[in-house]
Amino acid sequence: MLYIDRLKAVMYLVDDNMARIHLDVPPDMHVYAHEHGAQYDSVFRVWYVEDEVPNELINLLPKKNKPRVDTRNIKPLCPVCEADMFLKVNKKTNKEFWSCSRYSRSYYGCLGSLDYDEGLELIDKRIAEIEEKFNDSAKNKINFIEHQAIIKEIALYAKEFFEDEDKAAIWLQTNQVCLSGRIPSVLMTKYEGCIQVKGILERLIKLKMD
């Protein structure tokens with residue numbers, strides 16, 4: 001690869017890492033995650049999958065990335081054991097009520113129940129929580145565009161300060177004291193990290209001009 005393309009290669013590396021579907025894999029799940037298709041990036045120190053997430057790894061998705069739940073199937077949660085509840089009809093009063101899906105008169109069963117209206121209130125509350133998460137997801141898409149824009153700004157700032165794409169690329173891939181020993185390109189996979197890196201470069205450019 002020609003040295004003049006090295007800075008672009010660093011930017012592509014950051015973009016590729018952002019495009020991956022990251023997973024939150026605790027230490028005791030490393031083997032399980034690997035067996036079901038997850039990969040570990042030793043440079044960015046993250047677990048990820050590409051394209052689609054296998055069903056076995058759904059629970060390892062960060063909370064903000066978990067699939068949206070179909071609100072048509074939302075049911076209230078049992079106030080006793082938090083299991084789903086189902087509508088039943090009281091044979092004596094002929095009125096509907098919510099009964100725990102784990103209902104049983106045995107020792108291990110659950111006797112949790114709710115009045116019909118109480119159950120509807122809990123359903124509305126759960127739907128509101130789900131819609132809030134969905135709206136957060138939409139905001140994340142906007143943030144992704146902003147993230148891409150600031151990465152391009154950083155590339156331009158690095159090139160401006162070092163006046164050499166090869167030196168700029170090396171700086172972005174090297175531990176920096178001004179960033180508490182962290183690597184700029186690793187920080188740049190997060191929007192907040194981009195803000196830090198951009199701020200450092202802006203100060204360096206200003207010092208150079210003074």
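**Exercise 1. Decide whether Lys198 is buried or exposed in this predicted model, and find which residue its side chain meets in a salt bridge.**

Solution. Lys198 has a relative accessibility of 17% and therefore counts as buried, since buried means under 20% relative accessible area. The next step is to look for a partner: the side chain of Lys198 meets that of Glu153 in a salt bridge, with 3.1 Å from N to O. Lys198 belongs to helix 6 and Glu153 to helix 3, so this pair ties together parts that lie 45 residues apart in sequence. Glu153, with a relative accessible area of 29%, is partly exposed.

**Exercise 2. Describe the salt bridge between Asp84 and Arg126, and state where in the chain each partner lies.**

Solution. A search of the whole structure finds 4 salt bridges, and in the one between Asp84 and Arg126 the closest N and O atoms are 3.8 Å apart. This pair links distant parts of the chain, as Asp84 is in the loop between strand 3 (46-49) and strand 4 (85-89), whereas Arg126 is in helix 3, 42 residues apart. Both partners are partly exposed, Asp84 with a relative accessible area of 35% and Arg126 at 24% relative accessibility.

**Exercise 3. Work out which residues of helix 4 are buried, and how they are arranged around the helix axis.**

Solution. In helix 4 (residues 165-172), the buried residues are Glu165, Ala168, Ala169, Trp171 and Leu172. They cover an arc of only 160° around the axis, which puts them on the same side of helix 4. An α-helix has 3.6 residues a turn, so residues three or four places apart point the same way. Glu165, buried at 14% relative accessibility, also meets Lys159 through its side chain in a salt bridge of 3.2 Å, N to O, and Lys159 counts as partly exposed at 41% relative accessibility. At the start of helix 4, finally, a side-chain oxygen of Asp164 comes within 2.8 Å of the backbone nitrogen of Asp166.

Definitions and conventions
Residues are numbered from 1 along each chain as its sequence is written. This is a predicted model: local features need pLDDT of at least 70, side-chain atom pairs count only at pLDDT 80 or more; totals for chains, interfaces and linings use all residues. Side-chain values use heavy atoms; hydrogens and water are left out. Buried means under 20% relative accessible area, exposed over 50%, partly exposed in between (1.4 Å probe, protein chains only). Helices (H or I, at least four residues) and strands (E, at least two) are DSSP runs, numbered from the N terminus. The arc is that of the directions from the helix axis to the C-beta atoms. A polar contact is a pair of N or O atoms within 3.5 Å; within protein, one must be able to donate a hydrogen and the other to accept it, and residues adjacent in sequence count only if both atoms are side-chain atoms.
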